[in-house]
Amino acid sequence: MANDHDTVAYDVEDGIAWLRFNRPDKRNAMSPRLNRAMMVALDELEFRNDVGVLVLTGEGSAWSAGMDLKEYFRETEANGLRGIRQAQRESYGWWRRLRWYQKPTIAMVNGWCFGGGYGPLFACDLAFCADEATFGLSEINWGILPGGGATKVAVELLSFRRAMYHALLGEPIDGKTAAEWGLVNESVPLVQLKDRVTDVASKLNERNPVTIKAIKDAVRRVGDMTYDDAEDYLLRAQEAANSFDNDGRKEGIRQFIDEKSYKPGLGAYDRSRRS
């Protein structure tokens, strides 16, 4: 089933929501209209029973070329501070929503990913790209700070020296280099990209969704904590997850210990069965 928001589109198939930037003629640059449509689409997909994983990708030859310079900057700035702040809320709002999304999320970077595109890239839990993709922080070339929280993203995902070089020089890198530097998990030829992402999404769909959400939140939270604070947080998070879906935890242990029907190091327990 397809649902088209003009600047955003999605399809749901086999438990995977394929959410797409849909401005191929603009290399999927993010406009205020697109940002509003993305929030609506995320709302529609988050708690659907037939959606286990969300994949964010782009129509055409680009993932997202960043912010639309005309619509996001020039036209919003014409409305003064009010317009600027509204545009910021709409863009950063859906990226924040994506960071804490109920379902696991995957960025499938099929082409250009520049500037503000680093915001949703980082918001996704996992990221895979095409070898042919192009990444860049080009803002230095037209005189502004990298947008969309991109400076923070670079520091989070790259080493200090690489982050500084990437932001200061404005030189693009290809998908293989993005994977080597840590911007994405893996880079594969474009013709293999959707199959690889489908395989990963299918594996995620086999896992316990309550545990997945707890792990997603934990990985993002503990990075800024001391070890003792992280230890306390993780103990409480584990208790909360077990309380919310104790039957799932018990079933996984039962299948492993009593039935010996799977090995946790090699795969997931069968969630379709209950003792």
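The sulfur of Cys129 lies 9.1 Å from the closest cysteine sulfur, which belongs to Cys113, and this is too far for a bond. A disulfide is a covalent bond between the sulfur atoms of two cysteines; the criterion applied here is a pair of cysteine sulfur atoms within 2.5 Å. The structure holds 0 disulfides. The model is predicted: local features need pLDDT of at least 70, side-chain atom pairs count only at pLDDT 80 or more, and totals for chains, interfaces and linings use all residues. Residues are numbered from 1 along each chain as its sequence is written, and side-chain values use heavy atoms, with hydrogens and water left out.

Cys129 is buried, at 0% relative accessibility, where buried means under 20% relative accessible area, exposed over 50%, and partly exposed in between (1.4 Å probe, protein chains only). Cys124 is also buried, with a relative accessible area of 5%.

Asp217 counts as buried because its relative accessibility is 17%. Asp217 sits in helix 9, which covers residues 209–222. Leaving out residues up to four places away in sequence, Asp217 touches Trp100 and Tyr233; a contact means heavy atoms within 4.5 Å.

The protein chain as a whole has 11 helices and 11 strands, taken as DSSP runs numbered from the N terminus (helices H or I, at least four residues; strands E, at least two). Of its 275 residues, 44% count as buried. Among contacts between residues at least 6 apart in sequence, 68% join residues at least 24 apart. The accessible surface of the chain comes to about 14600 Å², with 53% belonging to carbon and sulfur atoms; accessible areas come from the Shrake-Rupley method with a 1.4 Å probe, and for residues only the protein chains shown count as cover.
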